[in-house]
Amino acid sequence: MKKVETQEAPRAIGPYSQAIQVGSLVFTSGQIPLTPDGKLVEGDVQAQTRQVLANLEAVLKAAGATLNDVIKTTVFIKDMDEFAQVNEVYGQVFGNHQPARSCVEVARLPKDVKVEIECVARIPEK
């Protein structure tokens, strides 16, 4: 196992890694809408989702992968009534690449954010 770290995404705020690489697979930790310098993105769920996906993209890049290499995501949202807004941004970012996905409503997320996303991706052969 190899720890994946980048300054282009927020540092882990607990005893965990931004991601772990095992062979050609990358397992990210859940990303919340913090900027790389640790500031919380205020605003609506779409603004928060954009930052979360940017963080995932940065972590994947550090591992040698892209969003097009994502196999599966898990989306945690605070309010299922905001699913359409999250889905709109998610669709814009992933485009025609449509990884498998689960989405669950949760009672509370770290720092009381509206959305958190984690993923599993493959590192393409060079």
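What percentage of the 126 residues of the protein count as buried? I looked this up first, and the value is 44%. I note at the outset that the model is predicted.

**Entry 1: overall fold**

I went through the secondary structure and found two helices and six strands. Read from the N terminus, the elements follow the order β-β-β-α-β-α-β-β. I then looked up the radius of gyration, which is 14 Å and close to the 14 Å that the globule rule gives for 126 residues, so the protein is as compact as a globular protein of that length. The C-alpha trace spans about 40 × 30 × 20 Å along its principal axes.

I also examined the contacts between residues at least 6 apart in sequence; 70% of these join residues at least 24 apart. For the surface, I recorded an accessible area of about 7,000 Å². Carbon and sulfur atoms account for 48% of that area.

**Entry 2: salt bridges**

I record as background that side chains of opposite charge can pair when their charged atoms come close. How many salt bridges does the count come to? I found three.

I began with Lys 39 and Asp 37, whose closest N and O atoms are 3.7 Å apart. Lys 39 is exposed, because its relative accessibility is 54%. Asp 37 is exposed as well, with a relative accessible area of 54%.

I turned next to Arg 108 and Asp 112, where the closest N and O atoms of the salt bridge are 2.6 Å apart. Arg 108 has a relative accessible area of 61% and is therefore exposed. Asp 112 is partly exposed, at 40%.

I then looked up the salt bridge between Arg 122 and Asp 69, with an N to O distance of 3.7 Å. This pair links distant parts of the chain, since its residues stand 53 residues apart. Arg 122 belongs to strand 6 (residues 115–122), and Asp 69 to the loop between helix 1 (45–63) and strand 4. Is Asp 69 buried or exposed? I find that Asp 69 counts as buried, because its relative accessibility is 9%. Arg 122 is partly exposed, with a relative accessible area of 39%.

**Entry 3: Glu 82**

I looked up where Glu 82 sits: in the loop between strand 4 (70–77) and helix 2 (83–94). Glu 82 is buried, yet it has no salt bridge. Which side chain of opposite charge is nearest to Glu 82? I identified Lys 114, at 4.1 Å. Setting aside neighbours within four places in sequence, I find Glu 82 in contact with Val 45 and Lys 114.

Which residues make the nonpolar surface patch of about 490 Å²? I list Met 1, Val 22, Leu 25, Phe 27 and Ile 71. Ile 71 is placed in strand 4. With a relative accessible area of 40%, Ile 71 is partly exposed.

Notes:
Residues are numbered from 1 along each chain as its sequence is written. This is a predicted model: local features need pLDDT of at least 70, side-chain atom pairs count only at pLDDT 80 or more; totals for chains, interfaces and linings use all residues. Side-chain values use heavy atoms; hydrogens and water are left out. Helices (H or I, at least four residues) and strands (E, at least two) are DSSP runs, numbered from the N terminus. Buried means under 20% relative accessible area, exposed over 50%, partly exposed in between (1.4 Å probe, protein chains only). Lys and Arg count as positive and Asp and Glu as negative; His and the chain ends are not counted. A salt bridge is a side-chain nitrogen of Lys or Arg within 4 Å of a carboxyl oxygen of Asp or Glu. Contact means heavy atoms within 4.5 Å. Patches are made of residues with over 30% relative accessible area and no salt bridge: like charges are joined within 9 Å, nonpolar side chains (Val, Leu, Ile, Met, Phe, Trp, Tyr) within 5 Å. Accessible areas come from the Shrake-Rupley method with a 1.4 Å probe; for residues, only the protein chains shown count as cover. The radius of gyration is taken over C-alpha atoms; the globule rule is 2.2 Å times the number of residues to the power 0.38.
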